[in-house]
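Trainee: I am new to this structure and would like to learn how to read it. Could we go through it together, one feature at a time?

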Amino acid sequence: MNSRLPSAPPVLPGFTFSAILGSGGFADVFLYEQDAPRRQVAVKVMLSGYADKAARDVFRAEADLMAQLSTHPAILTVHQSGVSADGRPYLVMEMCPTSVGDRYRDHPLSVADVLRIGIKIAGAAESAHRAGVLHRDIKPSNILQTVYGNPVLSDFGIAAVIGTVAPDSNVGLSVPWSAPEIVSGVSTGGISSEVWSLGATVYSLLAGRSPFEQPGGENSPADLMTRIARAKLPPLGRPDVPERLHDVLRRAMSRRPEARQSSALEFARELQMVEAELGIAQTHPDIAIDGWARAAVSDPADRTRANAIRQVDPGRRPRKTRTSPSDVAPVEDARTVVRESLGSRGRSTTGVRDDQRRGSRRRTAVIAVSAAVVVLAAAVATVVLTGDRGDGTIPVVSDIAATVEDGTAVFSWTSADTVDGDNFVIMSSDGNESTQRTSEYRIDGTPGDSVCITVAVRRSGRLGEPSAEKCVQLPDGSG
Ligand SMILES: Nc1ncnc2c1ncn2[C@@H]1O[C@H](COP(=O)(O)OP(=O)(O)OP(=O)(O)O)[C@@H](O)[C@H]1O
């Protein structure tokens with residue numbers, strides 16, 4: 001088991017650090033208070049050891065993807081992204097007080113709650129699929145709960161545009177919730193492997209463990225991979241789970257991809273039928289209308305590719321979350337397995353390595369995934385959601401105004417020529433780079449300093465010309 005202390009929270013203009021929320025494999029998540037609009041936000045900050053150019057691109061790609069998809073009610077909202085003055089990329093996200101992954105092992109959920117979560121998350125997956133995006137890491141810990149108790153799908157860090165992942169790209173995945181064709185390296189993922197992960201996630205929430213984990217038994221990565229390859233789903237052992245729900249899960253986790261539900265929506269519909277049979281109120285999956293997603297998923301042949309695997313030990317306790325700064329106990333982490341660049345028909349040899357080299361491997365996985373994700377970010381932005389915008393001209397911001405309010409530099413500009421989906425990229429003289437949709441930016445500089453920004457429009461994955469630099473002098477604070 002690897003453990004580490006959380007990194008130091010970065011100084012971010014316009015945000016005040018409040019607490020540490022949790023740590024992942026290559027990022028920490030902090031609670032900040034945003035100045036304007038005033039609200040609590042979760043800020044995911046990449047560890048500095050990973051913050052090289054390739055890793056930054058991955059992070060930015062995740063931000064772009066999530067910003068595009070996060071208008072969906074069951075997908076985590078991303079407000080903005082940037083790079084801190086000390087060079088660490090960050091994402092500003094909706095703050096979610098709990099994660100489904102935090103509690104399902106100790107407190108298995110009611111059948112009604114699991115059905116509701118399953119249908120909502122299947123709706124999110126279906127909408128992403130219609131936008132041409134595969135999540136590729138659907139699992140309980142990637143389902144957060146908003147302050148309203150609604151489940152939201154998070155962590156699109158290894159998402160991919162359907163059909164774009166190169167056969168030899170190394171990509172991390174969480175084995176206990178991954179389909180047989182993924183763990184064997186035959187595929188990098190497709191709709192049917194997402195349906196498997198949805199089924200495995202619903203199963204986990206009901207069972208309090210992942211599907212192929214044996215309580216008290218051997219649950220090494222290799223054991224799990226062998227069981228997943230056989231796909232003989234163990235009984236749930238819950239008398240309150242109706243046979244119909246067992247059938248839905250068995251179908252979702254069929255060994256042959258073509259025997260599974262043909263889409264996330266079909267999976268959601270079958271869960272709805274279980275709700276109807278149980279006489280409980282029906283949950284509606286939110287599905288994006290066609291105009292939202294222009295590139296529909298079509299070619300199932302795109303599903304067969306090979307990749308590397310990030311393995312999560314199913315026996316681990318959920319990571320420590322929501323710690324206070326004084327409560328920075330070591331964070332438990334997952335074991336990692338790497339399958340190096342398999343050919344498109346490649347099969348696993350062993351792929352299993354020990355914990356010690358996890359750090360460097362995670363780095364490898366992060367870097368390796370970058371190529372695919374960077375390509376996909378551009379592709380998604382260009383093709384999927386916004387479509388081609390005609391003459392391809394990106395507007396240049398030309399009217400930045402600057403004032404000082406209570407010692408804070410406030411820059412604002414108009415966005416007359418921008419369209420839905422455009423973002424502003426702000427480069428400031430304190431070294432920050434920030435991406436946001438709003439046309440106002442604040443900097444708490446040192447009294448007496450002059451602070452400057454340039455603003456460029458990012459459209460469909462392309463960055464336009466930056467504006468002229470605009471500066472403002474902060475009062476020196478002496479009176
Ligand atoms: N928007 C959020 N609001 C509140 N807590 C969050 C938010 N996003 C993540 N967290 C918490 O921060 C912790 C780290 O999240 P992160 O996404 O970095 O890692 P992970 O998904 O747990 O691991 P990995 O990325 O290695 O699979 C988790 O415990 C998660 O619950």
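Mentor: Let's begin with the core. A nonpolar core is a set of buried Ala, Val, Leu, Ile, Met, Phe, Trp, Tyr and Cys residues joined through C-beta atoms within 7 Å. A residue is buried if 20 or more other C-beta atoms lie within 10 Å of its own, exposed if 12 or fewer, and partly exposed in between, with C-beta atoms placed from the backbone. Here the largest nonpolar core has 85 residues, and Val43, Ile121, Ala122 and Leu198 touch the most other members.

Trainee: Which helix gives the most to this core?

Mentor: Helix H5, residues 191–207, with ten residues. Helices (H or I, at least four residues) and strands (E, at least two) are DSSP runs, numbered from the N terminus. There is also a second, separate core of 14 residues, which includes Ile426, Tyr441, Ile453 and Val455.

Trainee: Before we go on, what kind of model is this, and how are residues numbered?

Mentor: This is a predicted model, in which local features need pLDDT of at least 70 and side-chain atom pairs count only at pLDDT 80 or more, while totals for chains, interfaces and linings use all residues. Residues are numbered from 1 along each chain as its sequence is written.

Trainee: What does Leu198 touch?

Mentor: Two residues are in contact if their C-beta atoms, placed from the backbone, lie within 7 Å. Leaving aside neighbours within four places in sequence, Leu198 is in contact with Gly118, Ile121, Ala122, Ala125, Ile138, Ala252, Ala264 and Phe267.

Trainee: How do I read a helix?

Mentor: An α-helix has 3.6 residues a turn, so residues three or four places apart point the same way. Take helix H8, residues 264–278. The expected span of a helix is 1.5 Å times one less than its number of residues. For the 15 residues of H8 that gives 21 Å, and its end C-alpha atoms are 21 Å apart, which agrees.

Trainee: Which residues of H8 are buried, and what covers them?

Mentor: The buried ones are Ala264, Leu265, Phe267, Ala268, Glu270, Leu271 and Val274. Their cover includes helix H3 (111–130), H5 and helix H7 (243–252). Just after H8 comes Gly279, with a positive phi of about 70°.

Trainee: And how do I read strands?

Mentor: Strands of a sheet pair through backbone hydrogen bonds, either parallel or antiparallel. Two strands are said to pair if DSSP finds at least two bridges between them. S6 is joined to strand S8 (residues 143–145) by two bridges, and Thr98 stands opposite Gln145 in S8.

Trainee: Is strand S4 enclosed by the rest of the structure or open to the outside?

Mentor: S4 (residues 78–83) has six of its six residues buried, so it is largely enclosed by the rest of the structure. S4 pairs with S5 in the antiparallel sense over five bridges, and Val78 stands opposite Met93 in S5. Five residues lie between the strands of this hairpin, where Gly87 takes a positive phi near 90°. S4 also pairs with strand S14 (residues 433–436), again antiparallel, over three bridges; there, Gly82 has Ser434 as its bridge partner.

Trainee: Where is Ser48, and what does it touch?

Mentor: Ser48 is in the loop between S3 and helix H1 (53–69). With 14 C-beta neighbours inside 10 Å, Ser48 counts as partly exposed. Not counting residues up to four places away in sequence, Ser48 touches Ser7, Gly87 and Arg88. Ser48 and Gly87 are 39 residues apart along the chain, yet their C-alpha atoms are separated by 7.5 Å.

Trainee: Finally, what surrounds the ligand?

Mentor: A residue is near a molecule if its C-beta atom, placed from the backbone, lies within 6 Å of it. The ligand is surrounded by 22 residues, the closest being Gly22, Gly24, Gly25, Val29 and Ala42. Strand S1 gives the most to this shell, with three residues.
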